[in-house]
Amino acid sequence: MPRRCGIDTSILVRLATGEPAQDFDRVVAALTHLVEVEHVALFASHMVIVEAYVALQHHYAVSKPDAKAALRSVLTSGLVAPSGGDAVLVDDPGYPNLLFSLRFLGARLIGVPRTPAGYDLPALEPLVREH
């Protein structure tokens, strides 16, 4: 089984934007070496992908469709993959935009019911154990 290594938000944003240009080629070469020579499986966690999605929009003025397209391009390039299939516990009902983004990234969403007082703790405990 290959070693796995996660990348952080700044690397994912750099791969999506190509900026800063003076570092881009060096970063791609280093990551390519890890993947092709050292057989390391690089991944981006769901949190990193969501953070990159927000950073692209708010710090780089990239539209939502273009941010999604840029991340999709990086995450399907063969260099870095989403950590896909991970279970993510979410509010039920939850924020639709977040739920859409997590589904887009391959997460298995597990709804955690809420009561008027907050999370339904008796329902949450078995979900945490199971997932």
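This is a predicted model: local features need pLDDT of at least 70, side-chain atom pairs count only at pLDDT 80 or more; totals for chains, interfaces and linings use all residues.
Residues are numbered from 1 along each chain as its sequence is written, and side-chain values use heavy atoms, with hydrogens and water left out.

**Figure 1. Overview of the chain.** The chain holds six helices and six strands, where helices (H or I, at least four residues) and strands (E, at least two) are DSSP runs numbered from the N terminus. From the N terminus on, the order of elements is β-α-α-β-α-α-β-β-α-β-β-α. The C-alpha trace spans about 50 × 40 × 20 Å along its principal axes.

**Figure 2. Crossing of helices H1 and H2.** The axes of H1 (residues 9-17) and H2 (residues 21-36) come within 10 Å and cross at roughly 115°. Axes are lines fitted to C-alpha atoms, for helices over the stretch in contact, and angles run from 0 to 180 degrees between N-to-C directions. H1 and H2 are therefore roughly perpendicular to each other (under 35 degrees counts as roughly parallel, over 145 as roughly antiparallel, 65 to 115 as roughly perpendicular and the rest as oblique). Their crossing is left-handed, a term for a near helix turned anticlockwise from the far one by less than a right angle, with clockwise giving right-handed. On the H1 side, Ile-11, Arg-14 and Leu-15 meet Asp-23, Phe-24, Val-27, Val-28 and Leu-31 of H2, contact meaning heavy atoms within 4.5 Å. This contact of H1 with H2 comprises six nonpolar, no polar and two charged residues (Ala, Val, Leu, Ile, Met, Phe, Trp, Tyr, Cys and Pro count as nonpolar, Asp, Glu, Lys and Arg as charged, and the others, Gly among them, as polar).

**Figure 3. Crossing of helices H1 and H3.** The axes of H1 and H3 (residues 46-60) come within 9 Å, crossing at roughly 55°. The two helices are therefore oblique to each other, and H1 passes H3 in a right-handed crossing. H1 contributes Thr-9, Leu-12, Val-13, Ala-16 and Thr-17, while H3 contributes Val-48, Ile-49, Glu-51, Ala-52, Ala-55, Leu-56 and Tyr-60. By class, these are nine nonpolar, two polar and one charged residues.

**Figure 4. Crossing of helices H3 and H4.** Ile-49, Ala-52, Tyr-53, Leu-56 and Gln-57 of H3 meet Lys-64, Ala-67, Lys-68, Leu-71 and Leu-75 of H4. The contact divides into seven nonpolar, one polar and two charged residues.

**Figure 5. Backbone details in two loops.** Most residues other than glycine have a negative phi, and most peptide bonds are trans. The peptide bond from Glu-19 to Pro-20 is cis, with omega near -10°, and Pro-20 is found in the loop between H1 and H2. His-39, which is not a glycine, has a positive phi of about 55°; His-39 is found in the loop between H2 and strand S2 (40-44).

**Figure 6. A charge over a ring.** Arg-4 lies over the face of Phe-43, at 4.2 Å from the ring centre. A charge sits over a ring if NZ of Lys or CZ of Arg is within 6 Å of the ring centre and within 35 degrees of the ring normal.
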